[in-house]
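I opened my notebook to look up a few things in this model.

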Amino acid sequence: MSNRQWGEVQRAFAEHGVIFFRDQELTPGQHLEFARRWAPVDVNRFFKAVPGHPEIAEVRKEPEQKTNIGGGWHTDHSYDLEPAMGSLLYALEVPETGGDTVFASMYAAYDALSDGLKQTLAGMRAVHSSRHVFGQERGDLKGRIGNTHLATQDAVHPVVITHPESGRKALYVNPGFMLRFDGWTDEESRPLLDYLYRHAQNPVFSYRFQWEKGSLAFWD
């Protein structure tokens, strides 16, 4: 890409939160080169790596396997003390049908909240963890995820975050890794969390992406 094209891509990413590139033919080296233009690579410590490329995680599901990886709604790496700025996923092989990914804009979800709820959430923080997801190998995920002994870390993050470039505010909650509001019990947290999860999953805030071989997605 030229510098002008690169600037356009950066602006699109900040504005939309997710961008897509079709019909790519990338080597692992090119995949990493593109990732490093954005930021240093944050290696996922739980996924099996691509042979010869420890910085690239492999997200695989064979036809006979019943469980996919990432099928539940989640925000990548929210369990880390310093979460990655985004995720870059490249499709090498896809099923004939199915396998779509739905992306929810947590910026749009935040904008649609009432002023009263925005004020309530403004100073709140929440506890996120990897323990309950990666702390044990479940069923036919064995061999596709590992390092369960590393799933020991909890992290506390603001419930509302601000994008460093666009200045937009976003809800930073997800049912995959979030446990409770900081300083609240699980029981106290559940009603408000359930409301926020239902609110954010409203189709009006989301986009359904249909994968093809060579598709590259990059999301915030």
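I call two residues in contact when heavy atoms of theirs lie within 4.5 Å. The model is a predicted one.

**Entry 1: histidine 157**

I started by asking which residues histidine 157 touches, leaving aside its neighbours within four places in sequence. I found Ser78, Asp80, Leu81, Pro83, Arg125, Ala126, His128 and Tyr172. Histidine 157 belongs to strand β7, which covers residues 154-158.

Is histidine 157 buried or exposed? Its relative accessible area is 7%. Buried means under 20%, so histidine 157 counts as buried.

Next I looked at polar atoms. The side chain of histidine 157 comes to 3.1 Å from the backbone oxygen of serine 78. A polar atom of that side chain also lies 2.8 Å from the backbone oxygen of aspartate 80. Both Ser78 and Asp80 were in my contact list.

**Entry 2: the sheet around β7**

I followed β7 to its sheet. The sheet is open and has 3 strands, in the order β7-β6-β10, with antiparallel pairing. Its edge strands are β7 and β10 (178-181), and each pairs on one side only. From one strand to the next, the twist averages 30°.

I then checked how β7 and β6 are joined. Strand β6 spans residues 125-129 and pairs with β7 in the antiparallel sense over 5 bridges. One pair I noted is arginine 125 with its bridge partner in β7, proline 158. Arg125 is also one of the contacts of histidine 157.

**Entry 3: the sheet around β12**

Which strands form the sheet that holds β12, and in what order? I read the order as β1-β12-β4, an open sheet of 3 strands with antiparallel pairing. β1 and β4 are at the edges with a single partner strand each, so one side of each has no neighbour in the sheet. On average, neighbouring strands here are turned by 15° against each other, direction ignored.

I went through the pairings. Strand β1 (residues 18-21) pairs with β12 in the antiparallel sense over 4 bridges. There, valine 18 has tryptophan 219 of β12 as its bridge partner. Strand β4 (residues 87-90) also pairs with β12 in the antiparallel sense, over 4 bridges. Serine 87 stands opposite tryptophan 219 in β12.

I kept a general rule in mind. In a regular strand, side chains alternate between the two faces of the sheet. Then I looked at strand β12, residues 216-219. Leu216 and Phe218 point one way, while Ala217 and Trp219 point the other way. All of them are buried.

**Entry 4: helices on this sheet**

Helix α2 lies across β1, β4 and β12, and runs at about 160° to β4.

I picked phenylalanine 13 in helix α1. Its relative accessible area is 4%, so phenylalanine 13 is buried. Leaving aside neighbours within four places in sequence, phenylalanine 13 is in contact with Ile19, Trp38, Met85, Phe218, Trp219 and Asp220. Phe218 and Trp219 are residues of β12 that point opposite ways.

**Entry 5: a pocket**

I turned to empty space. Rolling a probe the size of a water molecule over the atoms shows where such space is left. The second largest pocket has a volume of about 200 Å³.

Which residues line the second largest pocket? I listed Met1, Phe21, Gln24, Leu26, Gln30, Glu33, Phe34, Arg37 and Leu216. Helix α2 (residues 28-38) gives the most to this lining, with 4 residues.

**Entry 6: isoleucine 56**

My last stop was isoleucine 56, in strand β3 (residues 53-57). Its relative accessibility is 10%, so isoleucine 56 counts as buried. I left aside its neighbours within four places in sequence and found contacts with Pro28, His31, Leu32, Lys48, Ala49 and Val50.

I looked up one of these, leucine 32, along the chain. Isoleucine 56 and leucine 32 are 24 residues apart, and their C-alpha atoms are separated by 7.8 Å.

Note on methods. Residues numbered from 1 in each chain as written. Predicted model: local features only at pLDDT ≥ 70, side-chain atom pairs only at ≥ 80, totals over all residues. Heavy atoms only, no water. Helix = DSSP H or I, 4+ residues; strand = E, 2+ residues; numbered from the N terminus. Buried < 20%, exposed > 50% of the residue type's maximum accessible area, 1.4 Å probe, protein only. Polar contact = N/O pair within 3.5 Å; in protein donor to acceptor, adjacent residues only side chain to side chain. Pairing = 2+ DSSP bridges. Axes fitted to C-alpha atoms, helices over the stretch in contact; angles between N-to-C directions. 1 Å grid on protein atoms, 1.4 Å probe; cavity = no way out; pocket = protein on both sides within 12 Å on 5 of 7 lines; lining within 4 Å. Points joined across faces, edges and corners; volume = space filled by probe spheres on them.
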